[in-house]
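Subject: Structure handover

Hello,

Here is the structure we spoke about. My notes follow below it.

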Amino acid sequence: MNPTAYPTDYKMWRLLAWCGPIFMTIFFFLWGVLAKNLPPAGADLDALQITTHYLDNRMAIIIGMSVCMVGGAFYMPWGCAVSRVMRRIEGPDGILSNLEMMGATITCAPVIVACGIWLTASLEAPQLPPNIVHLLYTLGWMIIDLAYMVTTFQIFAVGVVFLRDKRAKPLMPAWVCWWGFVTCAAFFPVSLIPFFKTGPFAFHGMFNFWIAFFTWYIWVSAVSYYVIKAIRRLEQEDGAVSRSTVSRVGTALAA
Amino acid sequence: MALLLSPASLVWVILMLATCISTWWLPKDAIPAEAAVAFILLIAAIKVRLVLNHFMELARAPLQWRLPFEAWVVVSTAVILGVYLQTAANSGAQVSQGREPPAMTPAVERSTESR
Amino acid sequence: MASISLQTTRRLPGEQGVWVFIAADMAMFGLLFVSFMLERSKNVELFNQSQLALNDNYGGINTLILLTSSWFVALAVQATKAERIRLVPRLLFLAMLCGAAFGIVKVVEYTEKLSTGISMLTNDFYMFYFVLTGIHFLHVIAGTVVLAVLWNKARNAGYSRANMMGLETGASYWHMVDLLWIMIFPLLYLMR
């Protein structure tokens, strides 16, 4: 790989890697806190209770969800930055690096769509029949939760590639990759959410909300941290390589 | 065969015996339920420790790895046993106060509303 | 000059990363156990009554099957360390057979329940029964696949005393699957 043929824009690369932490910050504060999803209104609430929830928090949810529809997009550039680091291990056209980038991109879809649905529910709540508001609420959850597999592929790709890193000091510690596999495992029981309105496997339940989301959050944080570090390290390594190339060429010319 | 006479085989025999005792002997009605279940849970905890320390070789692992797993056994057994005994005491108290325990028919589940 | 340690060096068998996975998996199941106990405390009669429909024999036999499979796997690891390479694939294959046997008993058991009209939607006890044993069953299936991969490599003399990281990693995961069932079985089947 010749770093000087098409010069790498390390600053831009790092900026895109920071989109991961930006994504998480936006979602924690605007989806979690402002739009009242920590904890979320339960699957066991009836139509009237959900409508009241929207009417009581109408403006907060409208603003929160609107910003989240923008914030959701930040997962995509983050995926690109991660993918580019993976290519340094897998090769320029690595298939898992491609899969990771596509997985990160398509993950934006259920997130953005669900937030759009919840935003609409809040916007229209004053004039909709309560059972329609309840429908929109449930619809958002089914979409954001049940599509987990697109993210699972992304996480899987990251784990496998970084575990294959042959460097003496790997770009990503093994525990992060394995935590990714933990997250993948935690996602599968999420498929139970249509069947339970109470208990740990409802969409607001101990397992399918708290464990599923937070294992993923920890993974995004850890991967972001090590990818940002890796980009700095690759910049230094590339710089050392091109300096030694220049000096070899210079020595050869001078001889 | 020397391999068959290894410590792993002794552990296996103990585990199999403990399982038979827990499954087919202790649950017999001769022993009061709370005592039987307490023994069953403690036996389960010992079995888990045997698997962790001997099959998974945690006994020879660095302490910082061994301790969290030992703690898991202690905490989960203690919590399960604790809640079990507390629950048994509560429902015993309800009966002795003449209050009927909750109906025995399966509850009409709110979760089935979606069907 | 190298110093000679009088004590065996402490080590974790297999890749350290799999132990992160094992710890997290056990933590999640631990939380589910507590969740089960708390739910049970709100509904003791229902839980005790519903439990009567469970067949202790299936559960007990499955425990014996998994314990035996763990024994085979432990022996396979020991055989590799003792360089008795020809034994390793045979032991792993026996462990795989145990995994398959567990699966057969599980399917028979589930089918029996479902045919009497009991499903995970019937009540909270059966929700925990089907979901806890179901998630565990998925772990068993994944573990049997892992054993198959190990067996395939062992068949080609892929493991030796100097090269057994993958074997120990897979073995550690399999033992976790075993120990989880050791807790799940009394919780669901024997607690009354």
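Start with Glu83(C): its relative accessibility is 43%, so Glu83(C) counts as partly exposed. The cut-offs are under 20% relative accessible area for buried, over 50% for exposed, and partly exposed in between, with a 1.4 Å probe and protein chains only. Glu83(C) is not a glycine, yet its phi is positive, at about 60°. Glu83(C) sits in the loop between helix 3 (56-81) and helix 4 (87-115) of chain C. Helices here are DSSP runs of H or I with at least four residues, strands are runs of E with at least two, and both are numbered from the N terminus.

Conventions, briefly. This is a predicted model, where local features need pLDDT of at least 70, side-chain atom pairs count only at pLDDT 80 or more, and totals for chains, interfaces and linings use all residues. Residues are numbered from 1 along each chain as its sequence is written, chains are lettered from A and ligands numbered from 1 in the order in which they are written, and side-chain values use heavy atoms, with hydrogens and water left out.

Most residues other than glycine have a negative phi, and most peptide bonds are trans. Glu57(B) is another non-glycine residue with a positive phi, about 55°. Its place is the loop between helix 2 (33-55) and helix 3 (63-96) of chain B. Glu57(B) has 10% relative accessibility, so it counts as buried. In chain A, the bond between Leu38(A) and Pro39(A) is cis, with omega about -5°. Pro39(A) belongs to the loop between helix 1 (10-34) and helix 2 (47-56) of chain A.

Chain A overall

Chain A has nine helices and zero strands. Its C-alpha trace spans about 85 × 30 × 25 Å along the principal axes. The chain has 255 residues, and 51% of them count as buried. Take the contacts (heavy atoms within 4.5 Å). Among those between residues at least 6 apart in sequence, 79% join residues at least 24 apart.

Aromatic pairs

Over all chains there are 50 aromatic pairs. Rings of Phe, Tyr and Trp (its six-membered ring) pair if their centres lie within 6.5 Å; planes under 30 degrees apart are stacked, over 60 edge-to-face, the rest tilted. Tyr148(A) and Phe187(A) have ring centres 6.1 Å apart and planes at 50°, so this pair is tilted. The two are 39 residues apart and link distant parts of the chain: Tyr148(A) is in the loop between helix 6 (130-146) and helix 7 (149-163) of chain A, Phe187(A) in helix 8 (residues 174-187). Tyr148(A) is buried at 10% relative accessible area. Phe187(A) is buried at 8%. Next, Trp178(A) and Phe181(A): centres 5.5 Å apart, planes at 90°, so edge-to-face. They are three residues apart in helix 8 of chain A, so about one helical turn separates them.

Charges over rings

The cut-offs: NZ of Lys or CZ of Arg within 6 Å of the ring centre and within 35 degrees of the ring normal. In chain C, Lys106(C) has its charged end over the ring of Tyr110(C), 5.3 Å from the centre. Arg155(C) lies over the face of Trp151(C), 4.4 Å from the ring centre.

Best wishes
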